[in-house]
Structures are given as C-alpha cells and as structure tokens.
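My entries follow the order in which I checked things.

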Amino acid sequence: MTTKKVLILGINGFIGNQLTQSILKNTAWEIIGIDLQNNKLQHSINHPRLHFKIGDITKNTAWVNAQIDACDVVLPLAAIATPAIYITDPLRIFTLDFEANLAIVRACVAAKKRLIFPSTSEVYGMCQDAEFDEEESNLVLGPINKERWIYACSKQMLDRVIYAYGKHQDLKYTLFRPFNWIGPTQDDIHNLPTGGVRVVTQFISNIIYGKDLQLVDGGEQRRSFTYIADGISALMKIIENKDGCADSKIFNIGNPTNNASIKEIAEKILAIAKNHPQTKDRAKNIKIVNTNSSQYYGKGYQDMQNRVPAIKRAQEILGWQPTTTLDQALKLTADYYFKDAGL
Ligand code: NAD
C-alpha cells in the first residue's frame, strides 16, 4: 500500500473514530482530522500519525482549505444524521449537511483532490425495489411538508453535484451509501430526549435507563443493519483504491442478510438485556410499547417500509463482503454500551 495523507472532517464521529483506528492499525497512512469534540478519539489522540484539531469546519475554513491542499484524499464526514433533527431543525441539516459540505466539495475540485463522500441509504427514500441498485433504482422522496426528507434531499443533491463535477471538471470521487451502520461509539446515549439518537442506540439507552422501548407505527419498518467493522473494511478498500477501482463509482455499503423489522430489533435487544448479568433485573420490567410517528417525531415524519442494498458492485469491484450477523452485531453493540455505562 502506498503512503497516503487522509483528511477526515468530523473525525470524532461514529464512522470517523472507527476509521481512524483502522487506518492507524492497518496502514502507514497519515491522518489529519478536525471535529468539534474529541471524546471518542482517546484511543488515537496521541498517535504520531494523527494530526487532530478541535474546530468547526464552518468557522475554521482557512485551516480546512490548507489541509485539503496538503492531503491526498478527503472524507467529509461532518453532518447531522439523526432523524429527529431532520424534523425539529431542518435548516440545520441544510446548512451543515448541504451548504458546508458543498463548500468542501468545491474546495476538492479547486485543489484537484480525491473526494470520498458519504451519501446515504436514505437517498432511495420510498423506492419500492426489492433491492436498491446504485445505478438503476429511483430515488423517491415525499412532499415538502414531510420535513424528514430534507436530509435525503441534501445528500441526493450533493451526489448529483459530485457526479457532475466528476464528469465535467475531472473531480476524482467515490460515493458510498451506508445502510444503517451500527456498533460501539455510534451515539452518546446518556440523558437523551426521546428520538435523540439512532434506533439501536435509542433502545440500548432505554434499557440502561429502565424505560420502555417505543415502536413507532408498530415497528414494522425494515432496515438492513450493518456492523461498523464491516462498513469500515469497505471504506478501507475504497481509500486504498487499488488500480483506481473505486473512481467515479457509487457503492451501497450494507448487509442485505441482516434485514429485520424495528420490532424484531427491539425484541432482540430486550432478549440480550434479559440474558446479560448486569441488565437482566431491570430488563424484566421493560416492555415494548407502540407509539405513532406524529406523536414521536411530529407531523413532518414519513417513512420507508423496507430497504435492502444490492451489494454486487461492492462485492465484485472492491472484493468486499460483510461478515457480521445481526445477532453478533447487536450483542457487540449492547455489550459495549452496557460496559460503558458501568454495568
Ligand atoms: P456522527 O454524527 O457520529 O459524526 C459526525 C461528526 O461530525 C461528529 O463527531 C460531529 O461532532 C462532527 N461535526 C458536526 N458538525 C461539525 C462541524 N461544524 N465541524 C466539525 N465537526 C463537526 O455521524 P456518522 O455516523 O459518523 O456519519 C458520518 C457521515 O456518514 C455523515 O455524513 C452521515 O450522514 C453519513 N451516514 C452515516 C450513516 C450511518 O449508518 N452511520 C448512514 C448513512 C450516512
């Protein structure tokens, strides 16, 4: 593997901190990173190949642009990816996820730097395909008064802009679409408002705090849950980019065999808690209850019933295969959070 300088914006996040660990462990690459916080980076903060700055990408723009000039590849991971906020504060999604990231895309074009951008499984929206294909599936969003779609719409527009810059101004890029990556360090789960984090960490948080698990609209919605280590191994292959294989490509990064309803996820997490020596007593009193989406998220909510990634491109082009089962992924995640909470 050749040496690379990798710039990670939002490096303290779920994907950023785990990617940092993997790069430092498995390669000789250097990392430059910025984030508002550093609490999840304690494992790497003193590593000689990590150059970290506490900062805000919307304020430290001169620093960010200088790092784009100095690096080989840019991963802009700073964004808000929590559904509740799409509805309570849609303009924050627009200004950070769209506007701030558009500025980064343009800086990569100007500096002629390779861009690896996180799109999302949300861009497929309410597409009815049995499996979502990167180049064939329609991207189907709801009406404007369903504010939930501002995240998918922001990401989709950036996908289109990046694609166009690639075609017309030679931007070297790869888009990756995570399908519900889960695992340790996903979210901070203590003292949250309802719906404050993503679903698996929300259920684990409820168990830790002895609250019932709430199923929005019956929890019949299905997702394909992907363990973070599998996602990171795909990202490592994308960054490595052997013989340019990832250039100008879009990859779904998800685990189609880990497709389950939110209700099944709640049942599995509660069962893990009932079998765990430190949580079994409190889990006995926790119930799975129903709520409706307008009560839980507000009227701006709308949902997709199922999403399954087609991963043949990632399998064939990157030589990647997810290997962690849903039960393993949930157990590893729950065990991490129970331990982190001192249980
Ligand atoms: P995350 O919320 O865990 O991490 C985002 C990080 O960005 C946080 O550490 C946050 O502090 C930082 N940040 C926010 N605003 C910033 C700013 N102004 N300046 C500097 N740093 C800032 O999110 P994640 O799960 O690591 O996701 C990373 C990217 O992948 C996002 O673009 C997200 O939309 C996308 N994505 C993630 C998933 C998933 O399953 N985790 C799914 C689809 C898409």
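I count a polar contact as a pair of N or O atoms within 3.5 Å; within protein, one must be able to donate a hydrogen and the other to accept it, and residues adjacent in sequence count only if both atoms are side-chain atoms. This is a predicted model, where local features need pLDDT of at least 70, side-chain atom pairs count only at pLDDT 80 or more, and totals for chains, interfaces and linings use all residues. Residues are numbered from 1 along each chain as its sequence is written, and side-chain values use heavy atoms, with hydrogens and water left out.

I looked up Lys155: an N or O atom of its side chain is 2.7 Å from an oxygen atom of the ligand. For Arg198, a polar side-chain atom lies 2.9 Å from a ligand oxygen. Gly13 uses a polar backbone atom, 3.1 Å from an oxygen atom of the ligand. The ligand taken alone exposes 830 Å², and the protein buries 90% of that (Shrake-Rupley method, 1.4 Å probe).

I find 24 residues around the ligand, with Phe14, Asp35, Asp56, Tyr151 and Lys155 the closest (a heavy atom within 4 Å). Helices H1 (14–26) and H5 (149–169) each supply at least two shell residues (DSSP runs of H or I, at least four residues).

How many of the 13 residues of H1 are buried? Ten are, among them Phe14, Asn17 and Leu24 (buried is under 20% relative accessible area, 1.4 Å probe, protein chains only).

Conventions. Buried means under 20% relative accessible area, exposed over 50%, partly exposed in between (1.4 Å probe, protein chains only).
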